[in-house]
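Hi,

Here is the structure I promised to pass on.

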Amino acid sequence: MEQVMVPVLEEIGLDWENGRVSLSQVYMAGKICESVVDKLLLTHGKLENGGPRLAIAVLSDHHALGKRMVKSALHSAGYKMLDYGHGCQSRDLCEHVLRDKVDVLLISCLMLASAFKVEELVTRLQDAGSNTAVVVGGAPFRLEPTLYKKLGAKAMGRNSAEAVGIVQSFEED
Ligand code: B12
């Protein structure tokens, strides 16, 4: 999936940007990939690992495939996590994180406008006295690898395997 599905969807996104495919074709490509992800990915791993308290969400936008892949990879590695869904707003996320005492919040963003909202989320968490580490991923962060730092996130991962490595590094801290 990392080697075929992700790059193909990226190419389809570029084709849409350049007017070569319609939004309905992007939508169908997304739907097909969703059913592949649902069939092939593990969503109920052996959740034995104590580790840091994790949560995952898509901030602001509704591109949810990346979140599913990251969640599945972490499940396979034995990590349990809360899933706050997609289209989440930073105010609600901040409340959930404080209520659930989350140590590491994994945020997926596919649109640049959503990525910029990470800064507001981090500020809200800091103002509330939270030590939660915000880890981000998604197209805007892959395209601009230093963006996460500018927005106050602790780390950025390019794919689901990197997400696992980052969570493991928090466990070692
Ligand atoms: C499929 C798709 C859709 C589908 C989404 C289906 C779904 N259920 O998710 C549909 C058709 C609904 C859609 C809608 C729109 N889309 Co769209 N879409 C895409 C497309 C082609 C692929 C995205 C995808 O699913 N990739 C596959 C997944 C698996 O990859 P991924 O999310 O990047 O995740 C991987 C890594 O990034 C990483 N990762 C992801 N999250 C995290 C989190 C952490 C913590 C870590 C460590 C790692 C990590 O691991 C994953 C596995 O490797 C992209 C193109 C692109 N370049 O990404 C455009 C794209 C994101 N869309 C775009 C746009 C503009 C839109 C619309 C506004 C179009 C419109 N006019 O309506 C709407 C907005 C909807 C909304 N409000 O959210 C733009 C955004 C441009 C921008 N500058 O912001 C893109 C980039 C296309 C483009 N080139 O212009 N879209």
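Is Met 1 buried, partly exposed or exposed? Met 1 comes out as partly exposed, with a relative accessible area of 30%. On that scale, buried is under 20% relative accessible area, exposed is over 50%, and partly exposed is in between, with a 1.4 Å probe and protein chains only.

Before the rest, some housekeeping. This is a predicted model, so local features need pLDDT of at least 70 and side-chain atom pairs count only at pLDDT 80 or more, while totals for chains, interfaces and linings use all residues. Residues are numbered from 1 along each chain as its sequence is written, and side-chain values use heavy atoms, with hydrogens and water left out.

Back to the start of the chain. Met 1 sits in the segment before α1 (5-17); helices (H or I, at least four residues) and strands (E, at least two) are DSSP runs, numbered from the N terminus. Met 1 also belongs to a nonpolar surface patch, together with Tyr 27, Met 28, Ile 32, Val 36 and Leu 40. Together these residues have about 580 Å² of accessible area, computed by the Shrake-Rupley method with a 1.4 Å probe, and for residues only the protein chains shown count as cover. Patches are made of residues with over 30% relative accessible area and no salt bridge; nonpolar side chains (Val, Leu, Ile, Met, Phe, Trp, Tyr) are joined within 5 Å, and like charges within 9 Å.

Next, the domains. The protein splits into domain 1 (5-40) and domain 2 (54-172), with bounds that come from an automatic or database domain assignment. Their C-alpha centres are 23 Å apart. At the interface, nine residues of domain 1 are in contact (heavy atoms within 4.5 Å) with four residues of domain 2. The area buried between the two is about 520 Å², and carbon and sulfur atoms give 65% of that. Buried area here is the accessible area (1.4 Å probe) that two parts lose on being put together, summed over both.

Two salt bridges are found across the interface of domain 1 and domain 2. Elsewhere on the list, Glu 34 and Arg 68 meet through their side chains at 3.9 Å, N to O.

Lys 67 forms a salt bridge with Asp 83, and their closest N and O atoms are 2.8 Å apart. Lys 67 lies in helix α3 (residues 65-76) and Asp 83 in strand β2 (residues 81-83), so this pair ties together parts that are 16 residues apart in sequence. Lys 67 is buried at 7% relative accessible area, whereas Asp 83 is partly exposed at 31%. The side chain of Lys 71 meets Asp 83 in a salt bridge too, at 3.0 Å, N to O. Lys 71 is in helix α3 as well, so that pair links parts twelve residues apart in sequence.

Another pair is Glu 120 and Arg 124, with the closest N and O atoms 3.2 Å apart. These two are four residues apart in helix α5 (residues 112-127), which means that about one helical turn separates them. Glu 120 is partly exposed, at 39% relative accessible area, and Arg 124 is partly exposed, at 30%. On the subject of shared partners, salt bridges join Lys 31, Glu 34 and Arg 68 into one network.

Val 164 is buried, with a relative accessible area of 12%. Leaving out residues up to four places away in sequence, Val 164 touches Ala 73, Leu 74 and Ala 77. Val 164 and Leu 74 are 90 residues apart in sequence, yet 5.7 Å apart in space, C-alpha to C-alpha.

Finally, two backbone angles to look at. Ser 60 has a positive phi, near 70°, in a residue other than glycine. Ser 60 is placed in the loop between β1 (54-58) and α3 and is buried, at 17% relative accessible area. Lys 101 is not a glycine, but its phi is also positive, at about 50°. Lys 101 lies in the loop between α4 (90-100) and β3 (104-108) and is exposed, at 63%.

Cheers

Terms used
Salt bridge = Lys/Arg side-chain N within 4 Å of Asp/Glu carboxyl O.
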